[in-house]
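Morning, everyone. Let's take a quick look at one structure, with an eye on its charged side chains. Please bring it up on the screen.

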Amino acid sequence: MMLARPVYGDNRSVLGVVAKELSLKPLREYLQALSIDRHGLAFVAESNGNLVVSSNGDGVFGASLSEPGKKVRFNVQDAGSSLMQQSWKLVQKYLQQHPDTEAVGDSAGSPGASLDQPRRGCN
């Protein structure tokens, strides 16, 4: 996974990009090692519902329906697990009822780092 953020100057001009490559393997292994009921699962998703990693061994990437040969990230709403879909709906309902709750990784006045943001300025 690549995380990248632009660095802005005083006049809001882009000075450069800070990027970090991060392996999700340790997180996936941690989730899979959790003591969870055989009917349960754990997953991490972005605020838009795009899956980052899950404990059930399902991949988070699949073939794009609109662009043959292209891989895209699965969204929780499109996951094969009905438990994951229902859990996501409950999380979304909770967040709507508690708008002061801040998503992990987001900060006030600053957009959260999305895994889908393009890596500008990096080759």
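**Salt bridges and a hairpin**

E29 has a relative accessible area of 40%, so E29 counts as partly exposed. Keep in mind that this is a predicted model.

What does E29 meet in a salt bridge? The partner is K25, at 3.9 Å from N to O. Both residues sit in helix α1, residues 25-33. They are 4 residues apart, about one turn of the helix. K25 is partly exposed too, because its relative accessibility is 46%.

In general, side chains of opposite charge can pair when their charged atoms come close. How many salt bridges does a search of the whole structure find? It finds 3.

Next, R73 and E46. Their side chains meet in a salt bridge at 2.7 Å, N to O. This pair links distant parts of the chain, 27 residues apart. R73 belongs to strand β6, residues 71-73. E46 is in the loop between β3 and β4. Buried or exposed? R73 is buried, and so is E46.

Then there is E67 with K70. Their closest N and O atoms are 3.7 Å apart in this salt bridge. E67 has 39% relative accessibility, so it counts as partly exposed. K70, at 40%, is partly exposed as well.

Now the hairpin. Strand β1, residues 2-8, runs antiparallel to β2, with 7 bridges joining them. Y8 stands opposite V14 in β2. Between the strands come 5 residues, and R12 takes a positive phi near 65° in this hairpin.

How values were computed. Residues are numbered from 1 along each chain as its sequence is written. This is a predicted model: local features need pLDDT of at least 70, side-chain atom pairs count only at pLDDT 80 or more; totals for chains, interfaces and linings use all residues. Side-chain values use heavy atoms; hydrogens and water are left out. Two strands pair if DSSP finds at least two bridges between them. Helices (H or I, at least four residues) and strands (E, at least two) are DSSP runs, numbered from the N terminus. A salt bridge is a side-chain nitrogen of Lys or Arg within 4 Å of a carboxyl oxygen of Asp or Glu. Buried means under 20% relative accessible area, exposed over 50%, partly exposed in between (1.4 Å probe, protein chains only).
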